[in-house]
Amino acid sequence: AGVRLTASKPRRGVEAPTPLWLLLAKYVRGARLVSAAQVSLDRVLRLDFSGQEGQVSLVCEIMGKHSNLVLIDTLGAVMDALKRIPAALNRYRVTLPLHEYVRPPPQSKTDPQTLDARTLSALLASRTEPLLWQRVVAVTGGVSPIVAREVSFRVTGRLNAPAGAGEK
């Protein structure tokens, strides 16, 4: 799952448009992108649009098989979602039209921008994953497995270094 910018307009993908597609065509087509923000190093991208029909936000939740697109109005209510999630499936986050939008629960990971070497070392030592890159992913927010493998390689010279390889 991911978000990509393209230079060309994608081809039309479905013969029968979904309700979300119709709302996107109404509110987002021709609208101006006002802001784009990643929510606190999490796997959520929020795109705010302003157009003739009013302001809306498109929230892209990029979480593997749990990924979703949610269109939200200015009051924070769900207009529609690619995957509608009723209370029977998830009591914490109902993602249905006219319900309040609730962000995915935050991961209990540390912001890498606030880490120092001592704190990172202690966090890595508290984990049980066998490889260094796996521990880096487990403790730091906003770090993908690809980035963690690069960190592991730069620290140890090995892609799949064991967890204790980077310690002094």
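Visitor: Which residues make the nonpolar surface patch of about 230 Å²?

Guide: Welcome! In this predicted model, Val147, Val151 and Val155 make that patch. Val147 is found in helix α4, which covers residues 145–156.

Visitor: Why is helix α3 called mostly covered?

Guide: Seven of the eight residues in α3, which runs over residues 132–139, are buried. Among them are Leu132, Trp133 and Arg135. The buried residues of α3 pack against α2 (117–125) and α4.

Visitor: What sits over the ring of Trp133?

Guide: The charged end of Arg149 does, 3.9 Å from the centre of that ring. The distance cut-off for such a placement is 6 Å, so 3.9 Å falls within it.

Visitor: How many aromatic pairs does a search of the whole structure find?

Guide: The search finds zero aromatic pairs. To be called a pair, two ring centres must lie within 6.5 Å.

Visitor: Why is Thr119 called partly exposed?

Guide: Thr119, in helix α2, has 36% relative accessibility. Buried means under 20% and exposed means over 50%, so Thr119 at 36% counts as partly exposed.

Visitor: How far apart are Thr119 and Ile85 in sequence and in space?

Guide: They are 34 residues apart in sequence, and their C-alpha atoms are 38 Å apart in space.

Visitor: How do you know that Asp42 is buried?

Guide: Its relative accessibility is 9%. Buried means under 20%, so Asp42 belongs in that class. Asp42 is placed in the loop between β1 (32–38) and β2 (44–51). Leaving aside neighbours within four places in sequence, Asp42 is in contact with Pro105, Pro106 and Gln107.

Visitor: Why is the link between Arg43 and Asp42 called a salt bridge?

Guide: The closest N and O atoms of Arg43 and Asp42 are 3.1 Å apart. The cut-off is 4 Å, so this pair qualifies. Arg43 counts as partly exposed at 29%, whereas Asp42 counts as buried at 9%.

Visitor: How many salt bridges does the structure hold?

Guide: It holds six salt bridges. One of them joins Arg46 to Asp48, with the closest N and O atoms 3.1 Å apart. Arg46 is partly exposed, with a relative accessible area of 32%.

Visitor: What makes Arg84 and Asp80 a salt bridge?

Guide: Their closest N and O atoms are 2.8 Å apart, which is within the 4 Å cut-off, so the name applies. Arg84 is partly exposed at 45%, while Asp80 is buried at 3%.

Visitor: Why is Leu98 called exposed?

Guide: Leu98 has a relative accessible area of 78%. Exposed means over 50%, so Leu98 is on the exposed side of that cut-off. Leu98 is placed in the loop between β5 (78–81) and α2.

Visitor: What is the phi of Leu98?

Guide: Leu98 has a positive phi of about 75°, although Leu98 is not a glycine.

Technical notes:
Residues are numbered from 1 along each chain as its sequence is written. This is a predicted model: local features need pLDDT of at least 70, side-chain atom pairs count only at pLDDT 80 or more; totals for chains, interfaces and linings use all residues. Side-chain values use heavy atoms; hydrogens and water are left out. Patches are made of residues with over 30% relative accessible area and no salt bridge: like charges are joined within 9 Å, nonpolar side chains (Val, Leu, Ile, Met, Phe, Trp, Tyr) within 5 Å. Accessible areas come from the Shrake-Rupley method with a 1.4 Å probe; for residues, only the protein chains shown count as cover. A salt bridge is a side-chain nitrogen of Lys or Arg within 4 Å of a carboxyl oxygen of Asp or Glu. Helices (H or I, at least four residues) and strands (E, at least two) are DSSP runs, numbered from the N terminus. Buried means under 20% relative accessible area, exposed over 50%, partly exposed in between (1.4 Å probe, protein chains only). Contact means heavy atoms within 4.5 Å. Rings of Phe, Tyr and Trp (its six-membered ring) pair if their centres lie within 6.5 Å; planes under 30 degrees apart count as stacked, over 60 as edge-to-face and the rest as tilted. A charge sits over a ring if NZ of Lys or CZ of Arg is within 6 Å of the ring centre and within 35 degrees of the ring normal.
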